[in-house]
Amino acid sequence: MRYGYWAPVFGGWLRNVDDEREASWENLSRLIRRSEEIGWDLTLIAELNLNDIKGIEAPALDAWSSAAALAAVTKTIELMVAVRPNFHQPALFAKAAANIDRISGGRLALNVVSSWWAKEAESYGLQFDQHDDRYARTTEWLQVVDRLWTQKGTDFEGQFYTLKDAIVEPKPTSTPARPRPVIYAGGESEAAKTLIARHCDAYVMHGDAPEHIAAKIADMKARRESFGLPPMSFGMAGYAVVRDSQAEADRELERITTIPGLAEGNPPAGFANFDQWLSGTELERELKIREYSVSNRGLRPGFVGTPETVRERIAEYEAAGLDLLLLQMSPQEEEMERFAAQVINGYDGSGGAPPV
């Protein structure tokens with residue numbers, strides 16, 4: 001299993017907890033540089049101009065300028081940076097991303113996200129397509145970027161983009177094992193899965209139970225094989241709480257999923273929007289509250305407990321075919337230290353220094 005985490009570009013990942021660290025370059029760079037030292041493999045740098053965790057007026061760090069800076073001050077960690085095609089003209093993006101990959105020594109990866117937030121697009125004057133059109137745009141966008149990264153000159157004429165003898169030099173770092181930056185993407189619609197199986201290298205999923213993840217992996221493997229393409233890798237989001245006892249872990253879970261004002265009928269405005277969004281589903285109310293508290297269905301995998309129980313749970317996902325975890329935790333620096341020592345490196349807290 002490879003271990004990744006969500007970089008704190010929004011300051012933290014809990015909607016019900018106000019006292020997480022602020023979104024700042026100092027906090028971001030310190031955490032990511034330390035994560036290399038203690039065994040983390042990858043960081044996911046989300047791209048949103050508005051903060052959908054702490055509220056749209058809260059600070060949110062820019063993904064790509066942060067990635068460029070991180071490329072220069074880190075040495076080993078893979079930088080998986082989210083990219084929303086409607087935010088970026090593909091030829092200019094390909095040029096900038098190739099440069100960042102060179103700065104990092106070949107550690108850049110993309111997490112391609114077909115934008116879902118109409119409010120953000122409207123606020124910034126960006127094109128916002130309807131669902132299937134978003135994936136049509138993303139397909140063209142990926143074709144353009146891939147050609148620019150792998151061909152000497154590129155002509156392209158499509159529905160969304162037109163290029164004439166476009167050139168990207170220098171190109172990203174290329175090796176037999178990694179001819180271009182790895183492209184990750186997620187999505188559950190038919191359009192999304194078809195696009196990912198054909199044009200991406202890895203499929204990333206929201207958190208879910210092992211049996212559901214196994215079924216999704218089997219489906220994507222079959223789609224990939226139908227295109228005659230090499231095998232994909234598979235990742236999943238999750239939220240981790242590691243404590244010395246299950247009771248301690250459960251208390252922390254209760255703390256982060258308690259929504260201020262909900263019992264009094266005065267929940268935060270964000271929850272009202274979320275409640276309306278899920279009104280047509282069959283999710284039980286308790287699950288709905290947890291879905292709001294932690295993003296990306298992070299609590300569904302059940303990484304809450306002692307180091308031993310969390311390691312056992314991770315083994316179930318490895319057996320299902322998963323090879324990457326993208327974890328959130330809070331307070332992030334302290335919890336990432338604990339998780340690395342007690343789960344990634346297998347230290348049980350009984351004495352002595354944990355291996356790194």
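Author: The discussion below goes from a helix to a single residue and then to charged pairs.

Author: This is a predicted model, in which local features need pLDDT of at least 70 and side-chain atom pairs count only at pLDDT 80 or more, while totals for chains, interfaces and linings use all residues. Residues are numbered from 1 along each chain as its sequence is written, and side-chain values use heavy atoms, with hydrogens and water left out.

Reader: What should helix α1 span, at 1.5 Å a residue?

Author: Helices are DSSP runs of H or I with at least four residues, and strands are runs of E with at least two, numbered from the N terminus. The expected span is 1.5 Å times one less than the number of residues. For the 14 residues of α1 (residues 25-38) this gives 20 Å, and the end C-alpha atoms are 20 Å apart, which agrees. Just after α1, Gly 39 takes a positive phi of about 110°.

Reader: Which residues of α1 are buried, and against which elements do they pack?

Author: Buried means under 20% relative accessible area, exposed over 50%, and partly exposed in between, with a 1.4 Å probe and protein chains only. The buried residues of α1 include Leu 28, Leu 31 and Ile 32. Contact means heavy atoms within 4.5 Å. The buried residues of α1 pack against β1 (2-6), β2 (42-45), α2 (63-73) and α12.

Reader: Where is Met 329 placed, and is it buried or exposed?

Author: Met 329 lies in the loop between β11 (324-328) and α12 (332-344). Met 329 is buried, at 2% relative accessible area. Beyond its neighbours within four places in sequence, Met 329 contacts Trp 40, Tyr 239, Ala 240, Glu 335, Met 336 and Phe 339.

Reader: How many salt bridges does a search of the whole structure find?

Author: Side chains of opposite charge can pair when their charged atoms come close. A salt bridge is a side-chain nitrogen of Lys or Arg within 4 Å of a carboxyl oxygen of Asp or Glu. The search finds 25. In one of them, Glu 334 pairs with Arg 21, the closest N and O atoms being 3.1 Å apart. This pair links distant parts of the chain, with Glu 334 in helix α12 and Arg 21 in the loop between β1 and α1, 313 residues apart. Glu 334 is partly exposed at 38%, and Arg 21 is partly exposed at 37%.
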